[in-house]
Every structure is written in structure tokens, then in C-alpha cells.
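Hi there,

Here is the structure I promised to pass on to you. Have a look at it first, and then read my notes below.

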Amino acid sequence: MAIYREILTPYNLARANATLAFVEVGNREKPFGTGQIDSFGSSYYLWTKVLIFIIHRLTYGLDYEGNVCGSSHRHRDLTQLELRYWLNPNQVYESGLKDGETTLANARTICLLDCPEPSDDTLSWVCDYPDGEIRLKMDDWIDRNYDYFEFLTPEMRNSSLQLQGPCYPLIFPTVNVYWSCQYIARASNSSLRHWEQMGGVSIQEDMIIDKSIRRSVNSRASVLKRYVADVGKSWPVLIVCGGLVPLFLSIVWLLLIRHFVAAMPWITVVLFNTLLISVTIFYYLKAGWIGDDAVTPIIGEHDPYIHVYGRELTHVRIVALLMTFISAVAILTSIAIIRRILMATSVLKVAAKVIGEVQALIIFPAIPYAMLAIFYMFWLSAALHLFSSGQVVENNCNNTNCCAYDLALKKVNCEHCCGYSIRYTPHITVAIFFHLFGCYWATQFFIVSSATVIAGSVASYYWAQGEEEASPEIPFLPVFASMKRLARYNLGSVALGSLVVSFVESVRFILEAIRRRTKVSGTRPDHWLGRMCNYTSRGCLKSVEWTIKSANRNAYIMIAITGKRFCKSSAIATELIRNNIMRIGKVNVIGDVILFLGKLCVSLFSALFGFLMLDSHKYRSSHNKVSSPLLPVLACWALGYVVATLFFAVVEMSIDTIILSFCQDSEENEGTAQHAPSLLLETLGSNHEEEVTDDRFHTV
């Protein structure tokens with residue numbers, strides 16, 4: 001809760017007469033506004049205001065007073081002023097020098113409505129916020145293009161000519177680059193001439209003034225904040241493309257495989273390759289390699305001769321190349337498995353038979369889907385709070401010259417003139433990593449819980465074959481009985497298995513991050529033994545992760561079948577698979593491939609629909625523009641894959657449960673399954689007979 005206190009002061013929604021909600025920035029409380037918050041509508045309005053402030057904190061910068069641009073504050077209303085502008089060009093220049101003591105964070109900045117442009121025939125000025133003797137309202141100051149030089153006293157004019165404010169000359173053109181006014185290193189000749197004729201101090205003009213701001217805007221921290229803000233801005237896209245679209249497509253896919261099982265493998269393979277190529281083409285469009293719709297850091301209209309590049313464009317191009325490689329491999333792989341697709345049909349027929357008998361299986365995934373959707377809403381809200389948290393504090397710049405005219409004190413002030421920055425404490429970083437780990441663990445838990453319930457339902461169907469009194473119970477009761485068993489006996493096993501997978505995945509991610517950092521810093525082991533250990537450890541960890549995932553999946557099935565604890569069920573499943581490896585592998589591998597391609601089809605369609613929604617005017621305008629569609633599209637893809645996994649687990653777990661039940665049934669009855677349906681005997685029995693005839697293995 002200490003983290004959230006850096007953003008929101010406590011408020012009580014239960015009190016009917018609560019009148020004020022504040023946002024804490026640094027050590028100051030800033031009001032959002034007044035109004036009753038005793039109803040759901042008012043609470044939603046307050047939550048929306050909080051979300052807007054968080055997005056502003058991640059997207060826009062701070063002015064020299066420590067205020068977030070684009071937000072309302074107690075002493076100054078900056079609601080319309082979203083752009084950060086550096087007043088003193090010499091401070092910007094000095095911050096770009098390698099041996100200089102000035103940093104861009106200490107350069108004097110204010111928030112503007114639009115980026116100013118120098119005049120062609122006279123010298124224009126950008127003046128500080130009106131205060132003291134300058135009795136202008138903020139709206140009048142904006143209408144005057146931030147220029148009140150004519151109202152200055154001789155003393156103020158003299159300090160302005162020394163680049164100490166309150167007014168500063170407009171010498172360089174600027175362009176809106178990610179809501180910061182980027183200097184363009186080509187001074188206006190007429191403005192510079194007027195400035196020199198007035199006796200102004202020398203102004204440095206060089207490419208350094210351009211690179212300094214660009215380097216700050218493209219820093220890793222700034223890019224990460226914009227990516228997180230993109231997710232916050234595009235939350236309607238996430239709801240539609242990450243929730244509703246994959247829900248609809250998954251249900252349609254289950255219905256199609258129920259009624260058109262013979263055609264579904266072919267449809268899935270063709271649709272997968274088509275969607276993969278379509279998503280790749282969209283990345284090429286955003287990378288600028290096709291058409292002229294590339295991701296650009298420049299917001300709004302600008303001079304077409306000005307080209308500014310950002311990290312976001314580089315990231316999109318990297319993903320475009322990666323998607324090209326994946327598409328080529330996918331097409332070649334699809335061609336290679338054409339002859340084996342017919343084998344998948346026989347496996348899917350078994351699952352279709354089960355779905356037809358246990359009809360509640362199609363409806364059941366909606367329960368974990370709803371629970372996971374609610375969890376993701378809270379998780380995303382908390383993630384935005386965490387990434388936007390931190391304390392606004394004044395920088396320490398005692399060794400630099402940051403003197404500026406203070407309109408309230410009526411003199412040049414060299415104290416407390418440093419800029420402000422958002423400081424993040426180490427516990428926030430730890431909280432962010434724990435938050436991400438918790439998301440992965442919770443996702444695995446919901447998916448595994450759903451799979452265990454499905455496995456229990458299918459196992460009930462399998463072992464009820466031949467029992468006359470059990471047949472009437474098959475349509476719905478097995479699902480609810482399996483849910484009851486999970487809640488009463490197996491939640492601990494499910495939580496343990498999902499935790500093990502999450503922990504191994506996290507360790508592998510951390511080691512991979514360390515490897516990449518050592519690669520960038522040039523500290524990779526040069527000796528062949530060190531490189532071999534590096535690659536061996538990565539391969540071993542990847543193998544351990546795959547083995548644990550596979551063992552967990554089969555363990556959950558045996559938990560549903562036998563009701564034993566996690567470790568014992570895992571041992572039983574491993575023994576069954578080892579004794580029937582040829583029978584399971586030959587029948588099950590291609591079926592798993594088709595199901596995996598089906599999940600990718602749903603997720604890729606979600607990503608494609610996300611591209612189309614983000615390409616609308618709402619997310620291309622200056623106010624709501626996303627810096628890059630990369631992270632929202634990847635989020636839609638990931639959410640779509642999770643939703644598809646929940647629903648496709650009906651088919652996937654049906655196949656695996658029936659096969660393991662068949663193997664256990666065969667072992668318990670001396671090689672002859674007593675409870676297997678006829679369709680399963682035709683599929684697995686025939687394969688078994690062929691393998692024995694060909695002497696490929698012998699059963700004990």
C-alpha cells in the first residue's frame with residue numbers, strides 16, 4: 001500500500017458526503033476535482049480520472065515546478081497543456097556536451113499547447129507562466145502564443161536578453177516528438193539577426209542541440225513508459241480483441257470441430273498460414289517497408305522534410321523480420337505435415353465424440369474465462385499504478401547555472417531552480433517483477449484448474465462406458481462433480497504445479513536477461529569452455545522447463561482420474577507414457593500440432609483485429625495516439641492465446657485423458673481395454689496391432 005500512497009491519497013467510497021479526491025505528487029496533494037462519489041457512476045468517474053492521470057504521468061514530462069503536463073494541479077491548471085518545451089536553448093546545448101555538468105533534466109521546461117515556431121520577419125518569444133506583476137490568465141497567455149515580452153519592465157527585458165527569463169527568444173523551430181518539443185538544429189536567420197541586434201547573449205547552434213533532446217526521448221526508461229501508457233490508452237482494444245473476439249472464435253472453433261471434424265485440420269492449417277502472413281504484412285506496413293504508414297515519433301502534422309526516428313520504429317522492424325522468418329518456417333512445416341494431417345482426423349474424432357456426449361464441456365470454459373477476465377482487469381490497473389509510481393523530487397544541480405527570473409520574487413533567483421524528476425525506489429522494481437510473476441502464476445493456475453476439471457469430466461465419461469446407470473448422468477453431472485472434487489481435494493496440487501512451472505520460467509527469463517546484458521557489455525566468455533557451459537546451461541534449462549510442463553499436464557490428468565496427490569500422479573503418468581510411448585506418440589503428436597495451430601489462429605486473428613482497431617483515427621490522433629501498436633497487439637495476441645487455451649483445453653485434455661485412461665485400462669485388464677468406446681478401439685487398437693505385427697516394439 002505504500003506504493004499506492006505515492007499516487008493516491010486514501011479516500012472512502014462508503015461516505016456519502018466525500019467531496020474531494022487528491023493525487024499526491026512529490027510532497028504536494030493535487031485535487032482532481034470536486035463532486036459526490038457515493039454512487040457507482042461517480043466512482044467510475046473518479047477511477048477514470050485516476051487512470052487518465054496515470055497515463056499522463058507515463059506519457060508526458062514534468063515542468064520546472066514538478067507538475068505533470070496535461071494535468072490539473074492546485075496552483076496551476078495544465079489540463080490542455082500536454083507538450084513539454086525547453087525554454088533556454090543554451091541549456092539544451094550544454095546538456096548535450098560530453099564533459100558538461102548540465103543535464104537535460106535540469107533545463108527549464110514549461111508545458112505548452114503546441115510546439116512554437118519562429119517568425120519569418122520578427123523575433124518571437126516564449127515567456128514563462130504568467131505570475132506576479134504579469135497579470136494574465138492562462139487562457140490569455142495561450143492566446144498570445146505565450147508571448148508577453150511587451151509587458152516586461154526594463155529589468156525583466158535585460159534578464160531575458162541574458163537568457164534568464166522570464167521570456168526566451170524563439171530561435172529554433174520545434175516539432176512535437178512524443179509530446180516533447182524537439183529542437184531542429186537549423187536556426188531562423190531572421191530571428192537570430194534580430195536577437196543579435198537587440199544585444200542578446202550568444203546562442204549555441206549545433207547538431208548537439210538536436211541530439212540532446214532526442215537522446216532523452218529515446219532513452220529506455222522513456223520508451224518503456226510509453227509502451228505501458230499505450231496499453232492503458234488502448235484498454236478498449238484489449239477488451240474487444242483480447243477478450244470478446246477470442247471468446248467468440250474459440251466457441252465457433254469448438255462447434256466446428258464437433259460437426260465438421262474431418263475438414264477442421266485442413267481449415268486450421270490454411271487459416272493459420274493466411275493469418276500469419278496477414279499479421280506480417282501489417283508489421284511491414286508499420287515498419288514503413290510497404291506504403292507510407294510507418295510508426296513515427298512525430299505527433300500531429302509537421303514539415304514532411306523533417307525525419308525523426310525513434311526506438312519504437314526499430315522494435316517494429318525487428319518484429320517484422322522475426323515474423324517473416326516464422327512465416328517461412330510455418331509454410332514449410334505445413335507442407336511437410338500434409339501427409340500426416342489425415343492421422344490427426346482420427347484423433348480429433350475421439351474428442352468430438354466426447355464433446356457430443358458431455359455437452360457441458362463447451363459451456364464450462366466460460367467460468368474460468370470470466371474469473372480470468374476479472375483478474376486481468378485488476379492486474380492491469382495495479383500494473384499501471386506500479387509503473388507510474390515514484391516520488392517527484394527536485395534534482396541536485398548546485399554546480400550548474402540554472403538562474404532564472406522569478407516573477408513572484410521580482411528578481412533573478414538562483415535557488416531552487418533545478419528541474420524535477422520522478423525517483424523510483426528499489427522496492428518498486430521488486431514489486432513490478434513480483435507483479436509480473438504473479439500474473440504468469442495466476443494465469444497458469446486458472447488454465448490448469450480448467451484443464452483438471454475437463455480431465456475429470458472426460459475420465460468420468462470414459463470409465464462410465466458400459467455401466468447402464470451412468471449413461472443418463474453423462475451430459476452435465478460429470479462437469480460439476482469434477483469442479484467439486486477440484487475445489488475440495490486438488491487445489492493444492494494445481495497451485496503447486498503451476499508454481500513450479502512459473503518459477504522455472506522466471507529463472508530461465510532472468511538468466512536469459514543476464515546473458516543478453518553480458519553480450520551487450522562485451523563481457524561474454526571468450527574461452528570455448530565458457531561458451532560451451534553457457535549454451536549447455538541454456539539448453540538444459542529449456543529441457544527442464546519442457547519436461548516439467550509435460551509432466552505437469554499429464555499429472556493433472558492422473559489427479560483427475562485417480563485423485564492422488566501431485567507427485568504420485570506425476571509418477572503414475574510418467575510410467576504409463578513410458579510403457580506406451582509409441583502408441584501415444586504416433587496418435588497424439590499430430591493432433592496436438594493441429595490444436596496448437598488452432599490456438600495460434602485465434603490469437604493471430606485477435607492480433608490482426610487489434611491492428612485494425614489501433615489503425616482507427618482515435619488512436620492516431622495527438623491526444624490518444626499510441627506511440628507504437630507493438631505492445632497492445634502483443635497483449636491482444638497473448639490474451640487471445642490464453643482464452644483459446646482455456647477453450648481448446650476441452651479438446652486437448654479430452655484426447656490426452658482418453659488416451660491415458662485407455663492405457664491404464666489396458667494395463668489393469670491385461671492389455672485389453674474394457675471401458676474404451678468403439679471409435680477409440682478403432683483408432684488406438686489398430687495402431688497397436690500394426691506396431692506388434694511390424695515388430696517395432698513388444699508389450700509386456
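Let's start with helix H8 (residues 220–233) and helix H9 (residues 235–259), which pack at an angle of about 65 degrees, their axes being 4 Å apart. An angle from 65 to 115 degrees counts as roughly perpendicular, and therefore H8 and H9 are roughly perpendicular to each other. On the H8 side, the contact is made by Val231, Gly232 and Lys233, while H9 brings Trp235, Pro236 and Leu238. Sorted by class, the residues in this contact of H8 with H9 are 4 nonpolar, 1 polar and 1 charged. Please keep in mind as you read that this is a predicted model.

Now for another pair. Helix H10 (residues 264–287) packs with helix H11 (residues 311–336) at an angle of about 160 degrees, and their axes are 9 Å apart. Because of that angle, H10 is roughly antiparallel to H11. The crossing of H10 and H11 is left-handed. Which residues meet here? From H10 they include Val269, Phe272, Leu276, Ile277 and Tyr283, and from H11 they include Leu313, Val316, Met323, Ile326 and Ile331. By class, the contact of H10 with H11 has 16 nonpolar, 5 polar and 2 charged residues.

Tyr283 comes up again in the next part. The largest nonpolar core has 159 residues, and Trp141, Tyr283 and Val651 are those with the most contacts inside it. Which helix gives the most to this core? That is helix H20 (residues 630–668), with 19 residues. As general background, nonpolar side chains in soluble globular proteins tend to be buried together.

Setting aside neighbours within four places in sequence, Trp141 is in contact with several residues, among them Leu81, Ile110, Cys111, Leu112 and Cys127. Its partners also include Asp128, Tyr129, Pro130, Tyr146, Asp147 and Tyr148.

Finally, here is the chain as a whole. Its secondary structure comes to 21 helices and 12 strands. How many residues does the chain have, and what share counts as buried? There are 700 residues, of which 50% count as buried. Among contacts with a separation of 6 or more, 74% are between residues 24 or more positions apart.

Enjoy exploring, and write back with any questions!

Best wishes

Note on methods:
Residues are numbered from 1 along each chain as its sequence is written. This is a predicted model: local features need pLDDT of at least 70, side-chain atom pairs count only at pLDDT 80 or more; totals for chains, interfaces and linings use all residues. Side-chain values use heavy atoms; hydrogens and water are left out. Axes are lines fitted to C-alpha atoms, for helices over the stretch in contact, and angles run from 0 to 180 degrees between N-to-C directions. Helices (H or I, at least four residues) and strands (E, at least two) are DSSP runs, numbered from the N terminus. Angles under 35 degrees count as roughly parallel, over 145 as roughly antiparallel, 65 to 115 as roughly perpendicular and the rest as oblique. A crossing is left-handed if the near helix is turned anticlockwise from the far one by less than a right angle, and right-handed if clockwise. Contact means heavy atoms within 4.5 Å. Ala, Val, Leu, Ile, Met, Phe, Trp, Tyr, Cys and Pro count as nonpolar, Asp, Glu, Lys and Arg as charged, and the others, Gly among them, as polar. A nonpolar core is a set of buried Ala, Val, Leu, Ile, Met, Phe, Trp, Tyr and Cys residues joined through side-chain atoms within 4.5 Å. Buried means under 20% relative accessible area, exposed over 50%, partly exposed in between (1.4 Å probe, protein chains only).
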